[in-house]
Amino acid sequence: MNKYKEILRVVLAICIIVVGATHFIIPEPYVKIMPAQLPYPLGLVYLSGFYEILGGIGLLVPPVSQAAAWGLIALFIAVYPANINMAVNHIKLEHIPNSPWVHVIRLPLQAVLIAWAWWYTKSYNSEKQASIIPKSLIPKELKLK
């Protein structure tokens, strides 16, 4: 189970980093689904993209991975209003089918992402954890047991 958990940690991290990067590369779709009540939509898109990238990287740095997972949970909750706005107002985005079924599937998917990140909030042996930095460079006092 631990092997698969770590493979899925890397998958989540890479997916979140890629999605975060798209906030900077093509921010328009994210701005389009931003609820009108929120100020500075482009700034919020960049901010959420930054935190997605940071959270994805953090998942792969053992001393901060638990905090990163909690941060991603908070982020997934924070961006949920944009997904609701897209569904309620039937906002069409290029390359995404404009179907009620897409929204029916997309809205609960956020709960799956939250649960997936929550899986990494528990204390875990950092020696077995996927890491983007060599474990030998992590000070012993920062290693989780």
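## Exercise 1: a charged pair

Arg9 is buried, with a relative accessible area of 1%; buried means under 20%, exposed over 50%, and partly exposed in between, using a 1.4 Å probe and protein chains only. Before going further, note that this is a predicted model, in which local features need pLDDT of at least 70, side-chain atom pairs count only at pLDDT 80 or more, and totals for chains, interfaces and linings use all residues. Residues are numbered from 1 along each chain as its sequence is written, and side-chain values use heavy atoms, with hydrogens and water left out.

**Task.** Find the residue whose side chain meets that of Arg9 in a salt bridge, and say where the two sit.

**Solution.** 
- Step 1. Apply the rule: a salt bridge is a side-chain nitrogen of Lys or Arg within 4 Å of a carboxyl oxygen of Asp or Glu. The rule gives a count of 1 salt bridge.
- Step 2. The partner is Glu6, at 2.8 Å from N to O.
- Step 3. Glu6 and Arg9 are about one helical turn apart, because they are 3 residues apart in helix α1. Helices here are DSSP runs (H or I, at least four residues; strands are E, at least two), numbered from the N terminus.

## Exercise 2: the overall picture

**Task.** Describe the order of elements and how confident the predictor is in them.

**Solution.** 
- Step 1. Count the elements: the protein has 6 helices and 0 strands, running α-α-α-α-α-α from the N terminus.
- Step 2. Look at pLDDT, the predictor's confidence in each residue from 0 to 100. The average is 88, and 89% of the residues score at least 70.
- Step 3. Compare the elements: α3 has the highest mean pLDDT (97) and α6 the lowest (89). Where pLDDT is low, the predicted coordinates should not be read in detail.
- Step 4. Of the 145 residues, 34% count as buried. With contact meaning heavy atoms within 4.5 Å, residues 24 or more positions apart account for 67% of the contacts with a separation of 6 or more.

## Exercise 3: the nonpolar cores

**Solution.** 
- Step 1. Set the rule: a nonpolar core is a set of buried Ala, Val, Leu, Ile, Met, Phe, Trp, Tyr and Cys residues joined through side-chain atoms within 4.5 Å.
- Step 2. The largest core has 14 residues, and those with the most contacts inside it include Leu12, Leu72, Phe76 and Ala117.
- Step 3. Helices α1, α4 (65-78) and α6 each supply at least two residues of this core; α4 gives the most, with 5 residues.
- Step 4. A second, separate core of 5 residues includes Ala82, Met86, Ile91 and Leu93. Ala82 lies in helix α5 and counts as buried at 12% relative accessibility. Not counting residues up to four places away in sequence, Ala82 touches Ile33 and Pro35.

## Exercise 4: the nonpolar surface

**Task.** Which helix contributes the largest share of the nonpolar patch?

**Solution.** 
- Step 1. Patches are made of residues with over 30% relative accessible area and no salt bridge, with like charges joined within 9 Å and nonpolar side chains (Val, Leu, Ile, Met, Phe, Trp, Tyr) within 5 Å. Areas come from the Shrake-Rupley method with a 1.4 Å probe, and for residues only the protein chains shown count as cover.
- Step 2. The patch covers about 850 Å², with Phe24, Ile26, Tyr46 and Phe50 among its residues. Helices α1 (2-25) and α3 (41-59) each give two or more residues.
- Step 3. The largest share, 6 residues, comes from α3.
- Step 4. Ile26 sits in the loop between α1 and α2 (28-33), and at 43% relative accessibility Ile26 is partly exposed.

## Exercise 5: positive phi

**Task.** Where is His90 found, and is His90 buried or exposed?

**Solution.** 
- Step 1. His90 has a positive phi of about 50° although it is not a glycine.
- Step 2. His90 is in the loop between α5 (80-88) and α6.
- Step 3. His90 is exposed, with a relative accessible area of 54%.
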